[in-house]
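Here is a short briefing to read alongside your viewer.

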Amino acid sequence: MNRTATDGHYPKNGRVILHIDMNAFYCSVHEAVEPDLYKGKPLAVGGNIELRKGIIVTSSYAARAKGVKTGMHIRQALKVCPDLVVLQPDFDLYRQFSRKFMQVVYGYSPLVEAMSIDECYVDITGSKQFGTPLQIAGIIQTRIRDELRLPCSIGVAPNKLLAKMASDMKKPNGITVLRKRDVERLLWDKPCSHLFGIGHRMGDRLRKLNLYTIGDVAKADESFLVKHFGVNGLWLKQAANGIDESPVNPEREQSKSIGHTTTLPKNLTEASDISRVFLNLSDQVARRLRRQKLLASTIQITIRDPDMKTITRSHTISVPTENADEIHRLSVKLFQEHWGYGKPVRLLGVTLQSLQPKNTAAIQLDLFEYEQHPKKEQLNATMDRIRDKYGEDAILTAGMVGTDPSTMIRNHKRRGTSLQMDHLRERGLDE
């Protein structure tokens with residue numbers, strides 16, 4: 001490609017950003033792996049209907065056309081679409097395909113910011129050698145389709161905000177260009193909730209202030225917005241006018257939290273059952289914590305009852321930890337203090353917060369801990385090496401054995417619903 005011929009398609013001052021959004025990612029992955037079984041069929045990923053009444057996590061476009069929606073209970077989805085095929089999530093498989101599509105994108109710019117397992121921003125301002133922005137978007141889309149058999153939509157814009165909104169305009173398999181000069185014509189008549197970053201709560205507040213459309217916000221007095229929304233008022237004004245100065249950041253921030261939850265096949269009330277679930281969850285989050293060479297100072301638990309009421313409770317410790325037994329002890333203590341045994345639970349989770357790099361953490365230990373700390377570190381390292389080599393079920397304690405999803409360690413995908421970006425970090429894509 002003649003670089004001079006592409007110069008006119010790039011701004012002299014400014015950026016060209018792509019937002020790449022994988023379409024119906026989980027379902028599309030299953031279709032790609034087993035096209036004879038699933039291609040073109042109404043497909044959904046959700047809980048196991050044989051275990052309990054679950055919800056739809058995502059659905060294929062064929063299923064959506066028949067009325068299946070995300071968040072719908074599986075039984076309800078099967079009523080509106082009797083031929084719906086419901087699959088359990090396979091998170092390991094999704095991570096594999098996520099790595100592969102990210103690798104394609106990295107071939108056209110090192111400035112890639114992964115936002116989730118199925119979407120990313122890429123700054124192609126310096127990628128003129130590969131063609132015009134539209135040509136690069138087309139090449140990436142074609143390669144992902146041909147090499148991975150996956151559909152994606154791509155937004156092309158001068159900033160991240162507009163690129164994100166552009167990728168939502170044509171699904172599946174769309175490529176959309178959205179310039180600042182297009183904002184008034186294409187966006188101002190849309191409701192405020194259409195603007196990326198505005199949730200239901202903010203949308204309700206805007207309507208109460210007689211701001212119904214993006215155009216209303218764009219033309220509102222800045223001081224009025226700041227008065228009612230603080231610093232977010234300035235952002236609202238800029239976003240409604242298509243202004244976003246945030247750069248694509250290829251340096252992924254250290255995880256703000258590491259968490260894992262599991263929905264139980266039956267409601268649990270017994271102390272031994274609940275302790276076992278927390279032990280498995282604590283083991284997994286501690287493993288992920290050590291893999292990222294981090295320590296945690298705050299342990300949070302999540303509890304959900306059969307009526308879907310959910311609470312979280314947390315405790316901060318003075319000495320940060322990476323040990324599953326400490327996380328387990330505190331999780332059980334939090335449960336006893338804030339829920340108690342006898343009341344049924346449907347879902348349990350453990351999340352580690354207040355994370356810090358292990359190599360820079362100042363840990364103050366008492367005499368006993370000082371003597372035991374090196375032994376515990378050595379034991380953790382040994383167990384991690386064995387599991388890395390032989391699998392998660394190579395070492396189990398008696399307290400981990402059971403029949404609920406938190407204990408199904410061989411099949412890693414059934415241990416919960418965490419989809420953080422560890423899979424990129426582990427394979428060196430963010431090094």
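At what angle do the axes of helix 14 and helix 15 cross? They cross at roughly 135° and come within 8 Å, with axes being lines fitted to C-alpha atoms, for helices over the stretch in contact, and angles running from 0 to 180 degrees between N-to-C directions. This is a predicted model, in which local features need pLDDT of at least 70 and side-chain atom pairs count only at pLDDT 80 or more, while totals for chains, interfaces and linings use all residues. Residues are numbered from 1 along each chain as its sequence is written, and side-chain values use heavy atoms, leaving out hydrogens and water.

**Overall picture**
- The protein has 17 helices and twelve strands; these are DSSP runs numbered from the N terminus (helices H or I, at least four residues; strands E, at least two).
- Of the 431 residues, 48% are buried, where buried means under 20% relative accessible area, exposed over 50% and partly exposed in between (1.4 Å probe, protein chains only).

**Helix 14 against helix 15**
- The pair spans residues 271-291 for helix 14 and 324-338 for helix 15.
- From helix 14, the contact residues include Ile274, Phe278, Leu279 and Arg290, and from helix 15 they include Ile327, His328 and Phe335; contact means heavy atoms within 4.5 Å.
- By class, this contact has nine nonpolar, four polar and two charged residues. Here Ala, Val, Leu, Ile, Met, Phe, Trp, Tyr, Cys and Pro count as nonpolar, Asp, Glu, Lys and Arg as charged, and the others, Gly among them, as polar.

**The two sides of helix 10**
- In helix 10 (residues 200-208), Met202, Gly203 and Leu206 are buried.
- Seen down the axis, these buried residues fall within an arc of 105°, so they line one face of helix 10; the arc is that of the directions from the helix axis to the C-beta atoms.
- His200, Arg201 and Lys208 are exposed on the other side of helix 10.
- Helix 11 (214-219), helix 12 (222-229) and helix 13 (231-240) are among what covers the buried residues of helix 10.
- After helix 10 comes Asn210, with a positive phi near 65°.

**Arg95 in helix 6**
- Arg95 lies in helix 6 (residues 91-106) and counts as buried because its relative accessibility is 13%.
- Arg95 and Ile117 are 22 residues apart in sequence, yet their C-alpha atoms are 6.9 Å apart in space.
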